[in-house]
Amino acid sequence: MRAACTTVVMLSFLCADGLAGQAGPGRITGRLTGARGPIPNAEVRIKNTASEQVTETRTSAAGEFDVAVPAGTYDVFSSTVGYAVLGRRGVTVAPAATVRIDATLADNANAGTPGEIFFLYERAGRNPPTGAT
């Protein structure tokens with residue numbers, strides 16, 4: 001009986017040790033703001049540099065985003081009408097870790113060009129045609 005209990009206890013420790021190594025995915029979170037406050041509905045693209053898989057998300061009304069990703073190295077990009085581009089390369093995410101990327105984006109350098117911002121907003125609101133040609 002004592003040998004059986006010892007075996008059960010040893011197996012429990014071995015299983016617990018194996019499960020601890022499987023910590024699960026990490027997270028990339030952040031908040032995008034500009035001179036006028038949070039940037040809502042901005043597209044954020046997160047690219048795994050090893051597999052080249054891209055995950056896309058959008059910021060909330062408060063300018064925040066949150067994506068679960070496997071452990072690895074990522075490039076994080078965002079571009080939205082009226083603001084400069086966000087580009088962070090080589091963001092390393094460990095298993096079960098959260099990496100926070102907060103950024104204050106500058107206004108678009110073309111903001112002073114007559115008609116430029118209207119054109120960009122107009123283009124952003126339209127979808128390309130679909131269906132048969």
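Two strands count as paired if DSSP finds at least two bridges between them. In this predicted model, strand β3, residues 43–48, and β6 meet that condition with five bridges, and their pairing is antiparallel. Within this pair, K47 stands opposite D75 of β6.

The pair belongs to an open sheet of four strands, ordered β4-β3-β6-β7 and paired in the antiparallel sense. Because β4 (54–58) and β7 each have a single partner strand, they stand at the edges, and one side of each has no neighbour in the sheet. On average, neighbouring strands of this sheet are turned by 20° against each other, direction ignored. Strands of a sheet pair through backbone hydrogen bonds, in a parallel or an antiparallel way.

Between β6 (72–78) and β7 (86–93) runs a loop, and S79 lies in it. Buried residues are those under 20% relative accessible area and exposed ones those over 50%; S79 has 34% relative accessibility, so this residue counts as partly exposed. Apart from neighbours within four places in sequence, S79 is in contact with E43, R45 and V85. The C-alpha atoms of S79 and V44 are 7.5 Å apart, although 35 residues separate the two in sequence.

The protein chain as a whole has two helices and eight strands. From the N terminus, its elements follow the order α-β-β-β-β-β-β-β-β-α. Of the 133 residues in the protein chain, 26% are buried. Among contacts with a separation of 6 or more, 56% join residues 24 or more positions apart. The protein chain exposes about 8800 Å², of which carbon and sulfur atoms supply 57%.

Key:
Residues numbered from 1 in each chain as written. Predicted model: local features only at pLDDT ≥ 70, side-chain atom pairs only at ≥ 80, totals over all residues. Heavy atoms only, no water. Buried < 20%, exposed > 50% of the residue type's maximum accessible area, 1.4 Å probe, protein only. Contact = heavy atoms within 4.5 Å. Axes fitted to C-alpha atoms, helices over the stretch in contact; angles between N-to-C directions. Areas by Shrake-Rupley, 256 points an atom, 1.4 Å probe, with all protein chains shown as cover.
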